[in-house]
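Visitor: Please put the structure up, and then take me through chain B.

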Amino acid sequence: MEAEIQIKQLFKKYPDGTEALKGINLEIGKSRFFALLGPNGAGKSTLVRILTTLIRKDSGEFFIDGFNPESDFSKIQGTIGVASQENEIDPSETVENTLVFQGRLFGMTKSQAAGRARELTGMFQLDSEKNKKAGILSGGNKRRLHCALALVHNPKILFLDEPTVGMDPEARANFWEIISRLKRDKGTTVFLTTQYLDEADRYATEMALILNGEIRYSGTISEFKNMVAPGNNMTLDESYLHYIKTLNNNELTKKYEEA
Amino acid sequence: MRRHNMNSASVILIKRGIVKLLKQPSAPLTGFGMSLFFLLVYNAGIGGIGDMEAFGTGGYLSFVFPITIISLAMGSSSGAGQTLNADMQSGYFKRLYLSPAPRWILVISPILADTVSSLFFTVLLIAIGALFGVSFQFGFVSVLGILLLSFLWSLTLCGFSAGVMLRTGKYQSAAIITNAVFPLLFLSTTFLPRELIKSGWLLAVSWGNPVTYILEGNRYLLAGTSSPQFFIIALIIFVLTSVLSVAFALSSAKRIKI
């Protein structure tokens with residue numbers, strides 16, 4: 001497998017003493033749809049923030065499309081697109097200007113950026129909103145704009161950190177259709193973190209399960225389901241809950257025995 | 001797609017900063033209004049004393065004109081901090097942070113945009129001053145010298161204001177620098193030439209006050225009532241303070257929580 005994202009022995013400890021990542025090792029292949037799953041506070045967002053160069057790791061190393069974040073910072077930024085949990089939009093700018101400016105920041109000419117903005121407003125059903133200031137858009141449309149911004153420069157790798165939070169079912173379906181098309185037509189690699197396990201089940205093929213900063217499982221989703229309940233045909237949601245429950249019971253039993 | 005170029009990102013970000021200031025021009029317009037007010041009121045109120053020899057051939061208007069230029073930058077220096085703060089509050093700073101533009105440019109560009117905007121209003125003020133009869137001893141060279149000092153003074157204030165805002169995380173704190181510098185205006189040769197100041201302590205304080213050097217440097221360029229050394233010393237002081245303020249803003253940026 002040609003790894004597009006390579007993570008080796010990644011550690012991160014916050015100043016308050018929280019060990020967010022405890023030696024993460026992962027390899028994600030080119031054009032794969034990968035989902036990182038885990039409960040709140042497990043370390044998902046920390047890992048995404050490190051991989052997208054928003055925060056620094058303590059030790060270990062990682063490569064994005066072969067680029068090292070220490071020496072190839074701007075190449076990594078040009079390779080990845082990020083749609084995180086919170087909207088990152090300029091409320092005082094129009095939808096169209098926001099998209100054009102984003103394109104210009106990524107080195108597009110004015111006409112290239114304007115063309116790309118037209119494409120994206122169409123794709124994300126924002127045509128009728130393009131002259132409105134982002135600050136007055138509805139919550140769902142703000143979310144669409146936020147996600148569209150991540151795609152302006154046609155990134156090879158997409159980091160989606162809870163991307164569909166706040167979207168109505170129609171917008172959510174539209175969003176996944178766009179992402180699926182990107183993956184199919186352009187071979188975009190997708191790194192997703194989500195609490196909506198049905199979305200991961202439907203679109204992702206590979207996954208890792210992170211608990212307390214450690215990877216507990218890494219492989220395909222079908223293998224995971226099979227490992228949890230062989231031949232039971234569970235959904236990912238059911239398999240995940242079953243796995244966590246079993247794990248908690250085992251840990252409780254272990255603590256009880258130790259006591 | 002073109003390969004990303006650091007200069008193009010800087011230009012785009014500076015342009016964005018200027019457009020932001022023009023869309024919400026309260027900071028630069030406050031500075032400009034305050035300066036014009038000083039010029040008109042001081043000249044109307046005490047302009048008569050300009051007939052005294054100590055004020056030189058340019059009269060009181062040329063003597064008091066540097067104050068208007070200095071107060072212009074003071075009034076508008078909080079713009080960079082406010083732009084940065086607005087981007088952080090909206091989360092848009094994170095989006096900029098994820099672009100290939102070098103991260104230091106994200107902090108420097110609003111500072112430069114604010115400084116360029118301040119220079120624009122300085123040019124406007126110089127034009128108004130010229131219409132009112134302010135004299136420029138060396139003609140265009142005087143104008144260039146005044147613009148150079150204004151640029152450095154403005155950069156100093158904008159850099160410190162942005163730095164304070166980044167450290168406190170509150171847009172109101174961008175005005176701290178203006179408030180801190182304001183008393184320095186009155187502890188200098190603001191209203192009268194050194195020869196006419198009778199108070200020993202004020203004279204002593206004015207020697208240690210950097211505002212004195214920018215005032216006197218400008219006066220040398222305007223009506224020749226001061227010596228060229230003031231201009232040179234002002235240049236050295238404000239190159240140093242500009243470097244310090246930009247370094248302060250950049251070091252403050254390390255505290256930003258993304």
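Visitor: What pattern does chain B follow along the sequence?
Guide: Helices and strands here are DSSP runs (H or I of at least four residues for helices, E of at least two for strands), numbered from the N terminus. Chain B has 11 helices and 0 strands. Read along the sequence, the pattern is α-α-α-α-α-α-α-α-α-α-α.

Visitor: What are the conventions, and which element of chain B has the highest mean pLDDT?
Guide: Residues are numbered from 1 along each chain as its sequence is written, while chains are lettered from A and ligands numbered from 1 in the order in which they are written. This is a predicted model, in which local features need pLDDT of at least 70 and side-chain atom pairs count only at pLDDT 80 or more, while totals for chains, interfaces and linings use all residues. On pLDDT, the predictor's confidence in each residue from 0 to 100, chain B averages 84, and 92% of its residues score at least 70. Helix 2 (residues 26-46) of chain B has the lowest mean, 78, and the highest, 94, belongs to helix 11 (residues 228-253) of chain B.

Visitor: What is the radius of gyration of chain B?
Guide: The globule rule (2.2 Å times the number of residues to the power 0.38, with the radius taken over C-alpha atoms) is the reference. For 258 residues the rule gives 18 Å, and chain B is close to that, so it is as compact as a globular protein of that length; its radius of gyration is 19 Å.

Visitor: How are helix 7 and helix 8 of chain B oriented to each other?
Guide: Axes are lines fitted to C-alpha atoms over the stretch in contact, with angles from 0 to 180 degrees between N-to-C directions. Helix 7 (residues 140-168) and helix 8 (residues 176-186) of chain B pack at about 130°, with axes 8 Å apart. Angles under 35 degrees count as roughly parallel, over 145 as roughly antiparallel, 65 to 115 as roughly perpendicular and the rest as oblique. Helix 7 and helix 8 of chain B are therefore oblique.

Visitor: Which helix of chain B gives the most to the side that touches chain A?
Guide: Counting residues as in contact if their C-beta atoms, placed from the backbone, lie within 7 Å, the contact takes 21 residues from chain B and 24 residues from chain A. Helix 1 (6-23) and helix 5 (92-97) of chain B each supply at least two residues of the chain B side. With 5 residues, the one that gives the most is helix 1 of chain B.

Note on methods:
Contact = placed C-beta atoms within 7 Å.
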